[in-house]
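Please consult the sequence and structure shown here alongside the text.

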Amino acid sequence: MNNLQKVPSVALIIGSSGQLGSELASALLKERPDQTLICSDLHQGTAPDGALFEALDVLNKPRLEDMIKRYGIQEIYHLAAMLSAKGEQKPEMAWRLNMEGLLNVLDLSVKHGVGRVFWPSSIAAFGPGTPRDLVPQWPVMDPRTVYGISKLSGELWCQYYFQRFGLDVRSLRYPGIISWRTPPGGGTTDYAVEIFHEALRTGAYTSFLQAHTRLPMMFIDDAVRATLELMRADGERLSVRTSYNITAMSFTPSELAEAIQSRLPDFQIDYCADFRQAIADTWPAVIDDQVARLDWGWHHRYDLNALVDEMLTNLAAASVNP
Ligand code: AKB
(Lines give C-alpha, C1' and ligand atoms only; values in the text may rest on other atoms or scores of the structure.)
Protein backbone atom coordinates (compact mmCIF):
# COMPACT_ATOMS: atom_id res chain seq x y z
CA MET A 1 0.00 0.00 0.00
CA ASN A 2 1.48 3.36 -0.93
CA ASN A 3 1.28 6.36 1.38
CA LEU A 4 -1.62 7.96 -0.46
CA GLN A 5 -3.77 4.82 -0.12
CA LYS A 6 -3.20 4.89 3.65
CA VAL A 7 -4.83 8.34 3.88
CA PRO A 8 -8.65 8.15 4.05
CA SER A 9 -10.44 10.05 1.33
CA VAL A 10 -13.24 11.59 3.43
CA ALA A 11 -12.20 13.38 6.62
CA LEU A 12 -14.00 15.71 9.02
CA ILE A 13 -12.38 18.29 11.30
CA ILE A 14 -14.58 19.44 14.19
CA GLY A 15 -13.29 22.77 15.51
CA SER A 16 -11.54 23.68 12.27
CA SER A 17 -11.43 27.43 12.91
CA GLY A 18 -9.28 27.02 16.02
CA GLN A 19 -5.53 27.24 16.53
CA LEU A 20 -4.80 23.64 15.58
CA GLY A 21 -7.75 22.93 13.29
CA SER A 22 -7.00 25.73 10.86
CA GLU A 23 -3.46 24.49 10.24
CA LEU A 24 -4.39 20.83 10.30
CA ALA A 25 -6.86 21.40 7.46
CA SER A 26 -4.11 22.70 5.15
CA ALA A 27 -1.77 19.87 6.16
CA LEU A 28 -4.42 17.23 5.45
CA LEU A 29 -5.11 18.68 2.01
CA LYS A 30 -1.41 18.77 1.24
CA GLU A 31 -1.11 15.15 2.29
CA ARG A 32 -3.94 14.04 0.01
CA PRO A 33 -5.16 16.77 -2.37
CA ASP A 34 -7.93 14.61 -3.85
CA GLN A 35 -9.63 13.89 -0.53
CA THR A 36 -12.99 15.28 0.55
CA LEU A 37 -12.21 17.35 3.62
CA ILE A 38 -15.07 18.84 5.60
CA CYS A 39 -14.12 21.62 7.98
CA SER A 40 -16.65 22.44 10.70
CA ASP A 41 -16.98 24.83 13.57
CA LEU A 42 -19.70 26.35 15.72
CA HIS A 43 -20.02 29.49 13.62
CA GLN A 44 -19.84 29.87 9.88
CA GLY A 45 -16.17 30.03 8.94
CA THR A 46 -13.82 29.44 6.09
CA ALA A 47 -12.04 26.37 4.82
CA PRO A 48 -8.85 26.25 2.76
CA ASP A 49 -9.24 25.92 -1.03
CA GLY A 50 -10.22 22.35 -1.79
CA ALA A 51 -12.17 21.80 1.46
CA LEU A 52 -15.84 22.29 2.34
CA PHE A 53 -17.18 24.14 5.37
CA GLU A 54 -20.26 23.18 7.41
CA ALA A 55 -21.38 24.89 10.62
CA LEU A 56 -21.64 22.25 13.35
CA ASP A 57 -22.22 22.24 17.09
CA VAL A 58 -20.73 18.94 18.23
CA LEU A 59 -23.40 18.83 20.96
CA ASN A 60 -26.02 18.56 18.21
CA LYS A 61 -25.78 14.80 17.79
CA PRO A 62 -28.44 14.39 15.06
CA ARG A 63 -26.67 16.98 12.90
CA LEU A 64 -23.29 15.30 13.44
CA GLU A 65 -24.84 11.95 12.55
CA ASP A 66 -26.37 13.40 9.41
CA MET A 67 -22.98 14.75 8.31
CA ILE A 68 -21.19 11.45 9.00
CA LYS A 69 -23.78 9.56 6.93
CA ARG A 70 -24.15 12.14 4.16
CA TYR A 71 -20.44 12.41 3.43
CA GLY A 72 -19.45 8.86 4.39
CA ILE A 73 -16.85 10.19 6.84
CA GLN A 74 -13.89 7.84 7.30
CA GLU A 75 -11.74 9.86 9.68
CA ILE A 76 -12.61 12.47 12.34
CA TYR A 77 -10.36 15.01 14.04
CA HIS A 78 -12.39 16.20 17.01
CA LEU A 79 -10.69 19.39 18.23
CA ALA A 80 -13.60 21.44 19.60
CA ALA A 81 -13.06 22.12 23.32
CA MET A 82 -13.05 24.81 25.96
CA LEU A 83 -9.49 25.34 27.25
CA SER A 84 -8.20 25.57 30.82
CA ALA A 85 -8.60 29.25 31.70
CA LYS A 86 -11.96 29.80 30.01
CA GLY A 87 -13.17 26.48 31.43
CA GLU A 88 -12.61 27.72 35.00
CA GLN A 89 -14.93 30.63 34.25
CA LYS A 90 -17.63 28.40 32.73
CA PRO A 91 -17.11 25.01 34.40
CA GLU A 92 -20.46 23.45 33.55
CA MET A 93 -20.28 24.49 29.92
CA ALA A 94 -16.67 23.29 29.68
CA TRP A 95 -17.58 19.89 31.07
CA ARG A 96 -20.55 19.55 28.75
CA LEU A 97 -18.75 20.63 25.60
CA ASN A 98 -15.59 18.66 26.33
CA MET A 99 -17.24 15.42 27.53
CA GLU A 100 -20.57 15.23 25.72
CA GLY A 101 -18.89 16.36 22.50
CA LEU A 102 -16.34 13.56 22.73
CA LEU A 103 -18.96 10.94 23.62
CA ASN A 104 -21.09 12.00 20.64
CA VAL A 105 -18.10 11.55 18.33
CA LEU A 106 -17.08 8.18 19.82
CA ASP A 107 -20.61 6.80 19.82
CA LEU A 108 -21.43 7.84 16.24
CA SER A 109 -18.04 6.66 15.00
CA VAL A 110 -18.78 3.15 16.26
CA LYS A 111 -22.33 3.27 14.92
CA HIS A 112 -21.31 4.36 11.40
CA GLY A 113 -17.96 2.58 11.10
CA VAL A 114 -15.70 5.67 11.06
CA GLY A 115 -12.26 4.14 10.58
CA ARG A 116 -10.15 6.40 12.78
CA VAL A 117 -10.65 9.23 15.26
CA PHE A 118 -8.19 11.77 16.64
CA TRP A 119 -8.88 13.57 19.92
CA PRO A 120 -6.43 15.85 21.73
CA SER A 121 -5.57 15.51 25.39
CA SER A 122 -3.26 17.95 27.18
CA ILE A 123 -0.67 18.47 29.89
CA ALA A 124 -3.71 19.78 31.81
CA ALA A 125 -4.59 16.13 32.51
CA PHE A 126 -1.69 16.15 35.01
CA GLY A 127 -1.88 17.69 38.48
CA PRO A 128 0.06 18.49 41.63
CA GLY A 129 0.59 14.79 42.40
CA THR A 130 2.34 14.30 39.02
CA PRO A 131 6.15 14.64 39.12
CA ARG A 132 7.05 18.15 37.91
CA ASP A 133 10.09 17.08 35.95
CA LEU A 134 10.31 14.45 33.28
CA VAL A 135 6.73 13.25 33.63
CA PRO A 136 6.58 9.59 32.56
CA GLN A 137 3.83 8.20 30.31
CA TRP A 138 1.92 6.64 33.24
CA PRO A 139 2.26 8.94 36.27
CA VAL A 140 -0.20 9.96 38.99
CA MET A 141 -2.82 12.13 37.26
CA ASP A 142 -4.86 14.39 39.54
CA PRO A 143 -5.95 17.41 37.43
CA ARG A 144 -7.41 20.40 39.27
CA THR A 145 -9.19 22.22 36.42
CA VAL A 146 -12.46 21.22 34.75
CA TYR A 147 -10.59 21.16 31.45
CA GLY A 148 -7.97 18.82 32.94
CA ILE A 149 -10.61 16.55 34.48
CA SER A 150 -12.36 16.37 31.09
CA LYS A 151 -9.06 15.49 29.41
CA LEU A 152 -8.24 12.71 31.88
CA SER A 153 -11.79 11.33 31.65
CA GLY A 154 -11.71 11.65 27.86
CA GLU A 155 -8.46 9.69 27.67
CA LEU A 156 -10.09 6.85 29.59
CA TRP A 157 -13.18 6.97 27.37
CA CYS A 158 -10.95 6.74 24.28
CA GLN A 159 -9.23 3.68 25.69
CA TYR A 160 -12.62 2.19 26.63
CA TYR A 161 -14.00 2.62 23.10
CA PHE A 162 -10.85 1.06 21.66
CA GLN A 163 -10.96 -1.94 23.98
CA ARG A 164 -14.70 -2.50 24.01
CA PHE A 165 -15.70 -1.59 20.44
CA GLY A 166 -12.40 -1.74 18.54
CA LEU A 167 -12.69 1.96 17.59
CA ASP A 168 -9.30 3.14 16.38
CA VAL A 169 -9.10 6.34 18.40
CA ARG A 170 -5.71 7.99 18.86
CA SER A 171 -4.63 10.88 21.07
CA LEU A 172 -1.77 13.18 22.09
CA ARG A 173 -1.23 15.11 25.31
CA TYR A 174 -0.34 18.45 23.75
CA PRO A 175 1.81 20.93 25.61
CA GLY A 176 1.19 24.67 25.03
CA ILE A 177 1.00 25.19 21.25
CA ILE A 178 2.55 28.30 19.77
CA SER A 179 1.34 29.51 16.40
CA TRP A 180 1.38 32.72 14.38
CA ARG A 181 -1.52 32.28 11.91
CA THR A 182 -4.38 31.56 14.34
CA PRO A 183 -4.29 32.52 18.03
CA PRO A 184 -5.22 30.10 20.82
CA GLY A 185 -8.34 30.95 22.82
CA GLY A 186 -8.68 30.75 26.57
CA GLY A 187 -5.65 28.71 27.65
CA THR A 188 -3.05 29.12 30.40
CA THR A 189 -0.19 28.87 27.92
CA ASP A 190 -1.60 31.67 25.71
CA TYR A 191 0.97 34.13 27.09
CA ALA A 192 3.59 32.43 24.92
CA VAL A 193 1.69 33.55 21.79
CA GLU A 194 0.54 36.98 23.01
CA ILE A 195 4.11 37.94 23.88
CA PHE A 196 5.19 37.79 20.23
CA HIS A 197 2.29 39.93 19.01
CA GLU A 198 2.99 42.55 21.68
CA ALA A 199 6.76 42.45 21.14
CA LEU A 200 6.22 43.48 17.52
CA ARG A 201 3.25 45.79 18.11
CA THR A 202 4.27 47.77 21.20
CA GLY A 203 7.72 46.47 22.21
CA ALA A 204 6.44 45.49 25.68
CA TYR A 205 4.41 42.73 27.33
CA THR A 206 2.92 42.10 30.78
CA SER A 207 2.95 38.37 31.45
CA PHE A 208 0.02 36.86 33.36
CA LEU A 209 2.35 34.08 34.54
CA GLN A 210 5.30 34.71 36.85
CA ALA A 211 8.82 34.96 35.45
CA HIS A 212 9.95 31.47 36.48
CA THR A 213 6.90 29.38 35.58
CA ARG A 214 8.32 26.61 33.42
CA LEU A 215 5.86 24.81 31.12
CA PRO A 216 6.16 22.35 28.21
CA MET A 217 5.61 23.94 24.78
CA MET A 218 5.62 23.12 21.05
CA PHE A 219 5.62 25.03 17.76
CA ILE A 220 2.46 24.52 15.70
CA ASP A 221 4.27 22.84 12.78
CA ASP A 222 5.54 20.15 15.12
CA ALA A 223 2.07 19.74 16.66
CA VAL A 224 0.42 19.29 13.24
CA ARG A 225 3.13 16.88 12.07
CA ALA A 226 2.83 14.85 15.31
CA THR A 227 -0.91 14.56 14.76
CA LEU A 228 -0.56 13.28 11.20
CA GLU A 229 2.31 10.95 12.07
CA LEU A 230 0.31 9.39 14.89
CA MET A 231 -2.74 9.03 12.62
CA ARG A 232 -0.70 7.32 9.90
CA ALA A 233 1.26 5.07 12.30
CA ASP A 234 0.77 1.31 12.18
CA GLY A 235 -1.85 0.57 14.85
CA GLU A 236 0.04 -2.55 15.91
CA ARG A 237 2.84 -0.34 17.16
CA LEU A 238 0.68 1.81 19.42
CA SER A 239 1.03 0.68 23.04
CA VAL A 240 -0.91 3.67 24.40
CA ARG A 241 -4.66 4.01 23.82
CA THR A 242 -5.28 6.70 26.40
CA SER A 243 -3.03 9.50 25.08
CA TYR A 244 0.67 9.85 24.29
CA ASN A 245 3.01 12.26 26.10
CA ILE A 246 4.69 14.50 23.54
CA THR A 247 6.87 17.55 23.95
CA ALA A 248 9.39 19.74 22.17
CA MET A 249 10.80 22.20 24.73
CA SER A 250 10.11 23.75 28.13
CA PHE A 251 10.73 27.39 29.03
CA THR A 252 9.71 30.14 31.44
CA PRO A 253 8.30 33.57 30.53
CA SER A 254 11.64 35.13 31.43
CA GLU A 255 13.60 32.71 29.21
CA LEU A 256 11.20 33.39 26.34
CA ALA A 257 11.56 37.14 26.88
CA GLU A 258 15.37 36.81 26.81
CA ALA A 259 15.19 34.91 23.53
CA ILE A 260 13.00 37.68 22.08
CA GLN A 261 15.34 40.38 23.46
CA SER A 262 18.29 38.75 21.70
CA ARG A 263 16.44 39.56 18.42
CA LEU A 264 14.60 42.73 19.56
CA PRO A 265 16.92 44.34 22.15
CA ASP A 266 14.40 47.04 23.18
CA PHE A 267 11.69 44.55 24.11
CA GLN A 268 10.49 44.97 27.74
CA ILE A 269 8.66 42.44 29.90
CA ASP A 270 7.01 42.76 33.28
CA TYR A 271 4.88 40.37 35.31
CA CYS A 272 1.41 40.59 36.83
CA ALA A 273 0.20 37.09 37.65
CA ASP A 274 -3.55 36.45 37.56
CA PHE A 275 -5.77 33.40 38.22
CA ARG A 276 -3.97 31.47 35.48
CA GLN A 277 -0.87 31.27 37.70
CA ALA A 278 -2.69 28.87 40.05
CA ILE A 279 -3.53 26.65 37.07
CA ALA A 280 0.04 26.66 35.75
CA ASP A 281 1.34 25.82 39.23
CA THR A 282 -0.47 22.46 39.07
CA TRP A 283 1.05 21.51 35.70
CA PRO A 284 4.39 19.83 35.10
CA ALA A 285 7.48 21.62 33.83
CA VAL A 286 9.06 18.94 31.65
CA ILE A 287 7.53 15.93 29.87
CA ASP A 288 9.21 12.64 29.03
CA ASP A 289 7.90 11.51 25.63
CA GLN A 290 10.12 8.50 25.03
CA VAL A 291 7.15 6.12 24.59
CA ALA A 292 5.92 8.19 21.61
CA ARG A 293 9.50 8.26 20.29
CA LEU A 294 9.80 4.47 20.55
CA ASP A 295 6.30 3.50 19.36
CA TRP A 296 5.86 5.73 16.30
CA GLY A 297 9.12 7.61 15.88
CA TRP A 298 8.09 11.01 17.27
CA HIS A 299 10.83 13.67 17.28
CA HIS A 300 10.44 17.43 17.50
CA ARG A 301 12.11 19.79 15.00
CA TYR A 302 11.68 23.20 16.68
CA ASP A 303 13.55 24.22 19.82
CA LEU A 304 13.26 27.61 21.57
CA ASN A 305 15.53 29.45 19.14
CA ALA A 306 13.89 28.03 16.03
CA LEU A 307 10.47 28.83 17.50
CA VAL A 308 11.35 32.48 18.23
CA ASP A 309 12.80 32.93 14.74
CA GLU A 310 9.69 31.48 13.09
CA MET A 311 7.27 33.50 15.20
CA LEU A 312 9.00 36.85 14.76
CA THR A 313 9.70 36.40 11.06
CA ASN A 314 6.21 35.20 10.15
CA LEU A 315 4.34 37.71 12.31
CA ALA A 316 6.43 40.59 10.98
CA ALA A 317 5.79 39.45 7.38
CA ALA A 318 2.06 39.02 8.07
CA SER A 319 1.80 42.57 9.42
CA VAL A 320 3.34 43.91 6.21
CA ASN A 321 1.15 41.69 3.96
CA PRO A 322 -1.98 41.00 6.02
C1 AKB B 1 -4.24 25.51 27.82
O2 AKB B 1 -3.38 26.31 28.24
O3 AKB B 1 -5.34 25.34 28.37
C4 AKB B 1 -3.91 24.67 26.61
C5 AKB B 1 -3.37 23.34 27.00
C6 AKB B 1 -2.03 23.21 27.60
O7 AKB B 1 -4.04 22.36 26.81
N8 AKB B 1 -2.96 25.36 25.78
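The model is predicted. Its largest nonpolar core comprises 76 residues, and another core, of 27 residues, lies apart from it.

**Largest nonpolar core**

- Within this core of 76 residues, the members that touch the most other members are Phe196 and Trp296.
- The greatest contribution comes from helix 8 (residues 220-232), which supplies seven residues.
- Both domain 1 (10-176 + 219-245) and domain 2 (177-216 + 248-320) are represented, each with at least three residues in this core.
- When neighbours within four places in sequence are set aside, the contacts of Trp296 are Leu172, Ala226, Glu229, Leu230, Ala233, Leu238, Tyr244 and Ile246.

**Separate core**

- The core of 27 residues has among its members Val10, Met67, Leu102 and Leu108.

**Helix 3 (residues 61-71)**

- Four residues of this helix, Leu64, Glu65, Met67 and Ile68, are buried.
- Viewed down the helix axis, the buried residues of helix 3 lie within an arc of 160 degrees, and therefore line one face of the helix.
- Pro62 and Lys69 are exposed on the other side of helix 3.
- The packing partners of the buried residues of helix 3 are strand 1 (10-14), strand 2 (36-41), strand 3 (51-55), strand 4 (75-78) and helix 5 (91-111).

Conventions: Residues numbered from 1 in each chain as written. Predicted model: local features only at pLDDT ≥ 70, side-chain atom pairs only at ≥ 80, totals over all residues. Heavy atoms only, no water. Core = buried A, V, L, I, M, F, W, Y, C linked by side-chain atoms within 4.5 Å. Buried < 20%, exposed > 50% of the residue type's maximum accessible area, 1.4 Å probe, protein only. Helix = DSSP H or I, 4+ residues; strand = E, 2+ residues; numbered from the N terminus. Domains from an automatic or database assignment. Contact = heavy atoms within 4.5 Å. Arc of directions from axis to C-beta.
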